[in-house]
Amino acid sequence: MSNFDETFDFVVVGSGGGSMCAALVLRQAGKSVLILEKTSLIGGTTARSGGVMWIPNNRFMKRDGVEDSFEKAMQYLDNAVGDHNDTPGATRARRAAYVEKGAEMVDFLVDQGIKLDRVSYWPDYYDELPGGSEQGRTVVAQLFNVKELGEWAKKLRPNFLSMQASLDDMLKLRYVTKSGEARKAAAKLVGRTIWAKLTGKHYVTAGAALQGRMLQAAIKAGAEIRNNAPVTALIEDDGRVTGVVADKDGLPWRVGAKTGVLINAGGFSHNQAMRDEYQPGTQSDWSMTAEGDTGEMIQEMMGHGAAIAQMDQFVGNQITLPPGHEKHWMKAVVQGTTAAPHAILVDQTGERFMNESGSYMAYCQGIIDRNKIAPAIPSYAIMDAQFMKKYMLGSTMPGKKPKEWTDSGYLKQGATIEELAMQLNIPPTALRATVERFNGFCEKNVDEDFHRGERAYDKWLGDAYHPKNASLGAIEQGPFYAVEVLPGDVGTYGGVVTDAHARVLRHDGTPIDGLYATGISTASVFGGHYAGAGASVGPSFVWGYVAAKHAVTKAA
């Protein structure tokens with residue numbers, strides 16, 4: 001210990017949601033804790049995200065009378081995830097620990113003063129499977145006045161949503177012209193924005209609200225948090241990880257950790273070499289993760305014998321790249337575009353190849369898989385005039401699109417399907433046949449090829465006010481339009497293998513003493529599936545909580 005420049009009971013690498021959660025557990029136990037963040041901003045990709053945690057059987061479901069149980073959640077995960085030799089991060093023991101400890105973690109945060117709630121309706125992504133929840137298992141933070149952080153407010157990573165509205169209300173806003181409930185949500189937003197301006201408050205939502213509340217609680221609890229402090233190495237002594245080497249003012253700084261080190265440093269979305277090795281065909285430029293997701297801590301753990309798995313998986317988020325996209329990290333997300341009526345997705349041969357209303361992870365994996373047998377990167381969203389009139393495309397409102405879109409060639413337009421196909425270098429007869437087949441399904445109200453529109457999630461993602469089916473609507477009124485769709489992401493989904501205590505495992509299955517990991521630095525507990533909204537943020541919190549609990553118990 002004398003070789004250390006300073007020593008704490010516990011050291012956390014990265015400042016995402018699981019880091020703050022672990023810090024609160026350690027501080028409640030009277031342990032000192034240091035969080036080291038390599039970038040200038042606190043909060044990781046969690047702060048950028050929707051800030052949703054997928055937590056089965058949580059207290060808010062019970063409060064609202066939404067049916068769930070440990071058994072039902074396990075039934076769902078057994079069906080959605082299952083047991084596979086190539087997903088060692090998703091063993092049934094880990095899934096069971098997640099379901100049990102997730103609800104416990106939420107109770108702990110609420111007891112710590114973190115104001116949480118649930119979104120009233122957000123179906124599981126495979127809600128049709130046994131055990132699936134149509135109402136959803138989401139947990140989110142209530143709106144947070146970021147000015148309560150004082151000087152720390154400048155260090156909180158901004159979110160992609162700037163509106164001062166809850167996620168629940170924002171999910172209703174798309175129906176503002178059709179629903180009284182949506183108009184009430186819009187009125188609340190306007191009133192809150194005016195009131196905040198008059199009273200000197202500034203409310204943040206989604207991931208910024210969650211991380212803002214967690215940061216505030218961690219600071220209040222006495223956790224030490226440093227930004228611009230990248231960790232360059234783990235320190236190991238006789239098979240046990242005992243600390244880290246961090247950069248301090250350009251020089252190496254050795255920090256001891258008496259009870260353990262937790263790695264929550266993100267994945268490798270911005271490491272193109274790792275992507276080329278593990279996820280060929282994907283691009284760092286398509287990612288919306290924080291810039292710190294460069295994978296070096298996964299590589300460092302590998303250097304200490306850690307096993308890795310599921311490295312080909314990523315949390316897909318289908319995107320399109322309109323002119324000017326390079327000016328901002330937030331890409332134009334088209335998750336709901338081809339799930340809405342009057343739109344489909346086709347590959348470069350003009351064929352549909354999946355249910356366009358699937359979860360964003362399944363959607364992007366579908367593009368990757370399709371590209372192995374037919375050119376599908378990019379794929380094309382095909383829409384008609386009805387779509388353009390009724391629905392958003394990217395961040396633009398329904399109606400006429402920017403002239404720059406058509407002038408640049410980004411938004412293709414044709415008076416007929418055949419004319420549009422020629423612009424896309426797709427055989428006109430092939431695209432015409434695909435559209436006519438889809439239109440026939442719309443007429444029968446049954447997608448015989450991919451069952452689009454049958455699940456509650458499909459309908460939720462579509463247009464609840466569209467007649468007959470929320471997700472099916474014919475492509476029949478010209479002009480017709482197309483944009484490229486790419487398999488973007490909000491994080492990788494593979495990393496080091498951990499056990500039910502969040503300990504990092506070697507290739508032989510034994511734990512590396514003193515080393516824990518959480519978040520997308522690990523092989524996901526959900527394997528190659530995304531169980532529901534918050535299936536990456538939720539595990540970051542849960543395994544951070546589990547790791548801290550284990551470290552405290554072991555030190556007792």
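How are helix 1 and helix 5 oriented to each other, roughly parallel or roughly perpendicular? In this predicted model, helix 1 and helix 5 (residues 92-111) pack at an angle of about 65°, and their axes lie 11 Å apart. Angles of 65 to 115 degrees count as roughly perpendicular, and helix 1 and helix 5 are therefore roughly perpendicular to each other. The crossing of helix 1 past helix 5 is left-handed. On the helix 1 side, the contact is made by Cys 21, Leu 24, Val 25 and Gln 28, which meet Met 105, Phe 108 and Leu 109 of helix 5. Sorted by class, this contact of helix 1 with helix 5 has 6 nonpolar residues and 1 polar residue, with no charged residues.

Helix 1 (residues 17-28) also packs with helix 8 (residues 206-221); here the axes come within 9 Å and cross at roughly 30°. Because angles under 35 degrees count as roughly parallel, helix 1 is roughly parallel to helix 8. The crossing of helix 1 and helix 8 is left-handed. The residues of helix 1 in this contact are Gly 17, Met 20, Cys 21, Leu 24 and Arg 27, and their partners in helix 8 are Gln 211, Met 214, Leu 215, Ala 217, Ala 218 and Ala 221. The contact of helix 1 with helix 8 has, by class, 8 nonpolar, 2 polar and 1 charged residues.

Turning to the strands, an open sheet is formed by 3 strands in the order 3-5-4, with antiparallel pairing. Strand 3 (53-54) and strand 4 (116-117) are the edge strands, each pairing on one side only. Strand 3 and strand 5 (residues 138-141) run antiparallel and are joined by 2 bridges. Within this pairing, Trp 54 stands opposite Thr 138 of strand 5.

Across the whole structure, a search finds 17 aromatic pairs. One of them is formed by Trp 54 and Tyr 76, with 6.0 Å centre to centre and 40° between the planes, a tilted arrangement. Trp 54 belongs to strand 3 and Tyr 76 to helix 4 (residues 70-80), so the pair ties together parts that are 22 residues apart in sequence.

Methods: Residues numbered from 1 in each chain as written. Predicted model: local features only at pLDDT ≥ 70, side-chain atom pairs only at ≥ 80, totals over all residues. Heavy atoms only, no water. Axes fitted to C-alpha atoms, helices over the stretch in contact; angles between N-to-C directions. Helix = DSSP H or I, 4+ residues; strand = E, 2+ residues; numbered from the N terminus. Parallel < 35°, antiparallel > 145°, perpendicular 65-115°, else oblique. Left-handed = near helix turned anticlockwise from the far one by under 90°. Contact = heavy atoms within 4.5 Å. Nonpolar A, V, L, I, M, F, W, Y, C, P; charged D, E, K, R; others polar. Pairing = 2+ DSSP bridges. Phe/Tyr/Trp six-rings, centres within 6.5 Å; stacked < 30°, edge-to-face > 60°.
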